[in-house]
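Visitor: I would like to learn how to read the side-chain features of a model like this one. Please take the general idea first, then the case at hand.

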Amino acid sequence: MAAAGKSFLADAGYGEQELDANSALMELDKGLRSGKLGEQCEAVVRFPRLFQKYPFPILINSAFLKLADVFRVGNNFLRLCVLKVTQQSEKHLEKILNVDEFVKRVFSVIHSNDPVARAITLRMLGSMASIIPERKNAHHSIRQSLDSHDNVEVEAAIFAAANFSAQSKDFAAGICNKISEMIQGLATPVDLKLKLIPILQHMHHDASLASSSRQLLQQLVTSYPSTKMVIVTLHTFTLLAASSLVDIPKQVQLLLQYLKNDPRKAVKRLAIQDLKLLANKMPHTWSRENIQALCESALHTPYDSLKLGMLSVLSTLSGTIAIKQYFSSAPGTATTTARSFDLVKLAQECCYHNNRGIAAHGVRILTNISASCQEKDLLPLEQDAVFGLESLLVLCSQDDSPGAQATLKITLTCMVKLVKCRPHLSQSVVESLLTQLHSAQDAARILMCHCLAAIAMQLPVLADGMLGDLMELYKVIGQSTTDKKQELLVSLATVIFVSSQKALSPEIKTVIKQQLENASNGWTAYRIARQASRMGNHDMARELYQSLLTQVASEHFYFWLNSLKEFSHAEQCLTGLQEDNYSSALSCIAEALKSYHKGIASLTAASTPLNPLSFQCGFVKLRIDLLQAFSQLICTCNSLKTSPPPAIATTIAMTSGNDLQRCGRISNQMKLSMEEFRNLAVRYGDLYQSSFDADSATLRNVELQQQSCLLISHAIEALILDPESANFQEYSSNGAAHVESEYERRMMSVFNHVLEEVESLNRKYAPVSYLHTACLCSAVIALLKVPLSFQRYFFQKLQSTSIKLALSPSPRNPAEPIAVQNNQQLALKVEGVVQHGSKPGLFRKIQSVCLNVSSVLQSKSGQDFKIPIDSMTNEMEQRVEPHNDYFSTQFLLNFVILGTHNITVESSVIDSNGIVWKTGPKTTIFVKSLEDPYSQQVRLQQQQGQPPSQQQQQRTAYSRF
C-alpha cells in the first residue's frame with residue numbers, strides 16, 4: 001500500500017503551470033476548501049511537489065498547518081492522504097516553525113471514538129517522531145493504545161512505538177518493560193508478538209538497555225522455537241548488535257551456531273543474510289575461528305543455495321582486513337601451505353562449480369587473496385585465479401541472460417583487479433579476452449571491451465598487441481542497427497583509441513568511418529567522437545563532429561558541435577610541432593588560437609540560461625590564455641637573437657646593483673612571463689575549486705594543466721631570474737603515485753624530462769645564454785606535443801549539486817535598499833537548501849557549508865569626514881552542517897556610517913575530506929543606514945544654535961527605549 005501511495009503521489013501534479021510559491025499555495029488551499037472530496041484529495045497529494053519546488057520554512061510551515069486542519073476536520077480517507085504526504089515529506093518536517101500548533105491540531109483526533117481515526121493519528125505521530133521525540137502526551141497515547149482491543153489501533157501503536165523508540169531514549173527505556181510483558185504474556189496472539197519483537201532493535205541508547213533487550217531476545221529464541229519466531233528474533237538480535245556495536249562478536253558466533261546446528265533452511269538463510277550484514281558493517285570484528293567455522297559449513301552443506309549465500313559472505317570478507325587476519329593468525333603457519341587452508345580449498349573447489357554464482361564467488365575469493373596477501377606460499381593461487389576466471393569467461397560470454405551478465409561483470413572486475421596488482425599475469429588475461437571476443441554475445445562483448453580498455457589504460461605495453469584482433473572484429477560487427485550493436489561500436493572504438501597510443505593510422509580511421517556510415521545513428525557517432533576527444537585523437541574527432549553538424553535539430557546543438565569541431569581542429573594544429581623549429585611552432589600556435597577563438601564564440605552561443613556551460617567556457621578560455629602565454633614566451637626567447645643586450649648593459653647592471661640588467665630587456669620580459677604563468681596557475685586552481693561535481697579524471701586533468709604552468713614559471717625562475725636559490729626537491733615527482741590515464745602518463749614524463757634538463761643547466765652557465773632560451777622553448781613544445789584530453793565533465797555531468805539561498809529581511813524589489821538605523825544592528829538570517837540531481841554524492845558529498853558575509857560602503861550620505869576603515873566594512877564567516885539538505889544561520893551586522901552599503905553573501909562547500917569548493921552562489925542586497933531620530937534632532941538643534949532643553953532631552957532619551 002505504501003508503494004502504491006508513493007507512486008500515486010509522485011504522479012500527481014504533472015502539467016500544472018509554473019507559479020510562484022504564494023500563488024501555488026493559494027491554488028492548493030482553494031482545493032482544500034472545496035466541497036468535493038475528490039478535489040480535496042487531489043489538492044492534498046500535490047503538496048509534496050510543492051515542497052520539492054519551494055523547500056523553505058515559511059511556505060512549508062503554512063502548508064503543514066493547512067494539512068493539519070484538513071486532518072482535524074476531514075474524514076478518514078483525507079487523513080490517510082495527509083499521513084502519506086507527511087511520510088513522503090519527512091525531510092521537510094524540521095522546517096515546521098509552529099510545531100506546537102501543528103501537533104495540537106493533529107493530536108485532537110486521538111480522542112475520537114473511531115478506532116481507525118485514532119490509528120491514523122498514531123501513525124501520523126509516529127511519522128513526526130523526529131520533531132516531537134519527547135512529547136509526553138504522545139508517549140502516553142501510544143502506551144494506552146497498545147492495550148486497545150482493536151487490531152488496527154494496536155498495529156498503529158506498534159508502528160508509532162518503533163519510531164519513537166528510535167528517536168527518544170526516555171521513551172525507549174519506559175516502553176521496554178511494557179513490550180517485554182506483552183511479548184511474554186500468554187494473552188498476546190503470536191502474530192502480534194511477531195510485530196512487537198522488532199521494536200527491541202531500537203533499544204541501543206545505553207548499555208544497560210541494550211543488555212536487558214539482549215537477555216529478553218535470548219530467552220525468546222530458546223522459549224519459542226517456531227520458525228517464524230526464531231527468524232524475527234534472530235534478525236532483531238542482529239540489528240540491535242549492529243547498532244550497539246559491542247556485541248557483534250557474540251552475535252556472529254550465535255548466527256554461526258544456528259547456521260551449523262539448526263536443520264531448517266529458512267533459519268539458515270536468515271543466519272546467512274544477517275552474517276552478510278555484519279560482514280559489510282564490521283569486518284574487523286570477525287576472528288579466524290569465525291571464518292573457519294563458516295568455511296566448514298560451506299564445505300559440508302549439500303544445498304547449492306546455502307553454499308552460494310555462505311560464499312557471498314566469505315567473498316565480502318575476503319575484500320577486507322579480515323582476510324589478512326585469517327592468514328596471519330593461523331596456527332603453525334610455517335608448516336602449512338596455502339592450499340591446506342579451508343578457505344582456499346573451498347574457493348578452488350567452487351571455481352569450476354556448475355552454478356555460475358558459486359563459481360563467481362569462488363574466483364572472487366581467490367582474486368582477493370592474491371591481491372591482498374603477498375606471502376610466497378600464496379603465490380600459486382594466482383594461477384588458480386586466472387584459470388577460474390578464464391573458464392567463467394568462456395561460460396558466461398556465450399549466454400546473454402541477465403544472470404550470466406551479472407556473473408560476467410564480477411569476473412571482469414576480478415580480472416582488472418588481478419592485472420592491476422599482478423602485472424605479469426596480464427598477457428594471458430588479455431589473450432583469453434581477445435579470443436573470446438570473436439565468439440561472444442553482443443551484451444558480453446560490450447562488457448569485455450570495457451574490461452580491455454581498463455587493462456590497456458593501466459598497462460599501455462599490452463595495447464599494441466590488441467589492435468589487430470580489434471580491427472578484425474570491428475570489420476565484421478555486422479550491419480544491424482540494434483541498441484546492443486550501437487553500444488558495441490562505441491565500446492570497440494574506445495578500446496581502439498586506447499590501444500593506438502600515439503595516433504590513429506589512416507586504415508583504422510577508414511574502417512571506423514565506414515562502419516559508422518553503414519550501421520550507426522548520429523548519437524553513436526557523437527559518442528565515438530567524444531571518446532576520441534578524451535583519448536586525444538583530435539583529427540578523428542574533428543571529422544566526426546563535422547559530419548554531425550547538419551544532423552541536429554536545434555541551433556544550440558549546432559553551435560555546441562561546431563565549437564567541439566573547432567577545438568579538435570585547434571588541437572590537431574598543435575600535433576605538427578617540431579622539436580627545434582621555433583618559428584613553425586609560433587605559426588602552429590597562432591593557427592590553433594584562431595580555431596580556439598572561433599570555437600569559444602560558438603560555445604558561448606551554445607549556452608542557455610538552464611545550461612550555462614560555465615566549466616567548458618572556463619576551461620577553454622584558460623587554454624587560450626595558456627597558448628598565448630606559450631607563444632609570448634617563445635617570442636621572448638627569440639628576442640635574445642633579435643634584440644641582444646646593449647654594449648653598456650654590464651655597466652648598467654653594476655651601477656644599479658641588479659645583475660640581471662646585463663641581459664638587456666629580456667630580463668624584464670621574462671619576469672612578466674613568469675608572472676603570467678603564475679596567474680594562469682592560480683586561475684586553474686580556481687577552476688578546480690569551482691568544479692565540485694566533476695569526476696576525478698577531469699579534476700586530475702585540470703591539475704595537470706595547473707602543474708604545467710607552475711613548471712614553466714619555475715623553469716624561468718631557475719634558469720634566468722634566480723638560479724642561485726632554485727630548489728628542485730619540492731618539484732621532484734613522486735614515482736610511487738599511481739597514474740590513471742595515458743595523458744597523465746605522458747604529461748608526467750614531460751614534467752620529469754623538463755625538470756632534469758633545467759636542473760642540469762642550472763648554475764652551469766650564467767644567464768642568459770642561447771642554451772637557456774632553447775631549454776625553455778623545448779619545454780613549451782614538449783608540453784604542447786602531448787594531445788590535450790577533453791575529459792568526461794566537459795561533455796557530461798554525472799553529479800549535480802547546487803545551493804539555493806534565501807536572505808531575510810529581503811526587499812520586495814531587489815534594487816531597493818533595506819532601511820536600518822545606524823545605532824542598531826541588522827540581524828541577517830541566511831537559509832539555504834542543497835539541491836541534488838539524480839545521483840547525489842556520486843563523487844563527493846557535502847559535509848558542511850561555509851557562508852561568507854561581507855559589506856562594503858557604496859555611497860555616503862552624511863558629512864564627509866575621515867572614517868576608520870574597519871567601521872566601513874563587515875567581514876564574517878560561519879560554517880553550518882546541512883540537515884536533510886537544509887541549513888540556516890544568522891549574522892549581526894553593524895552599519896555605523898550613514899549611506900548605502902552593499903552586502904554580499906557567498907556560499908562555498910566543504911566535502912567529507914575537508915576540501916573547500918567554491919560552488920557559489922553569491923547573493924547581494926543593499927542596506928541604507930539612516931541616522932537615528934534623536935541624533936538627528938540634536939544635530940539640527942546644534943546647527944540652529946539652540947542648546948537642547950533638559951525636558952526635551954529627557955523625553956527623547958526615554959523615547960529611544
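Guide: Aromatic pairs come first: rings of Phe, Tyr and Trp (its six-membered ring) pair if their centres lie within 6.5 Å, and planes under 30 degrees apart count as stacked, over 60 as edge-to-face and the rest as tilted. This is a predicted model, in which local features need pLDDT of at least 70 and side-chain atom pairs count only at pLDDT 80 or more, while totals for chains, interfaces and linings use all residues. Residues are numbered from 1 along each chain as its sequence is written, and side-chain values use heavy atoms, with hydrogens and water left out.

Visitor: How many aromatic pairs does the structure hold?

Guide: The structure holds 24 of them. Buried means under 20% relative accessible area, exposed over 50%, and partly exposed in between (1.4 Å probe, protein chains only). Phenylalanine 164 is buried at 0%, and phenylalanine 171 is buried at 3%.

Another tilted pair joins phenylalanine 630 and phenylalanine 677, at 5.6 Å centre to centre and 40 degrees between the planes. Helices (H or I, at least four residues) and strands (E, at least two) are DSSP runs, numbered from the N terminus. Phenylalanine 630 belongs to helix α33 (residues 614–642) and phenylalanine 677 to helix α35 (residues 666–689), so this pair links distant parts of the chain, 47 residues apart. Both phenylalanine 630 and phenylalanine 677 are buried.

Visitor: Which residues form one aromatic cluster?

Guide: Trp560, Phe567, Tyr596, Phe615, Phe619, Phe790, Tyr793, Phe794 and Phe795 do.

Visitor: What does it take for a charge to sit over a ring?

Guide: NZ of Lys or CZ of Arg must be within 6 Å of the ring centre and within 35 degrees of the ring normal. Here lysine 265 lies over the face of tyrosine 303, 4.2 Å from the ring centre. Arginine 79 lies over the face of phenylalanine 71, at 6.0 Å from the ring centre.

Visitor: And salt bridges?

Guide: Side chains of opposite charge can pair when their charged atoms come close. The criterion is a side-chain nitrogen of Lys or Arg within 4 Å of a carboxyl oxygen of Asp or Glu. The structure holds 36 salt bridges. In one of them, aspartate 885 meets lysine 91 at 3.4 Å, N to O. Aspartate 885 is in the loop between β5 (874–880) and β6 (886–894), and lysine 91 in the loop between α6 (76–88) and α7 (99–107), so the bridge ties together parts 794 residues apart in sequence. Aspartate 885 is partly exposed at 23% relative accessible area, as is lysine 91 at 38%.

Visitor: Where in the chain do arginine 745 and glutamate 742 lie?

Guide: They are three residues apart in helix α37 (residues 742–761), which means a separation of about one helical turn.

Visitor: Where is confidence lowest, and where is it highest?

Guide: Confidence is given as pLDDT, the predictor's value for each residue, from 0 to 100. Helix α1 (residues 2–11) has the lowest mean, 38, and helix α8 (residues 115–127) the highest, 96. The chain averages 86, and 88% of the residues score at least 70. Over residues 950–961 the pLDDT stays under 50. Where pLDDT is low, the predicted coordinates should not be read in detail.

Key
Contact = heavy atoms within 4.5 Å.
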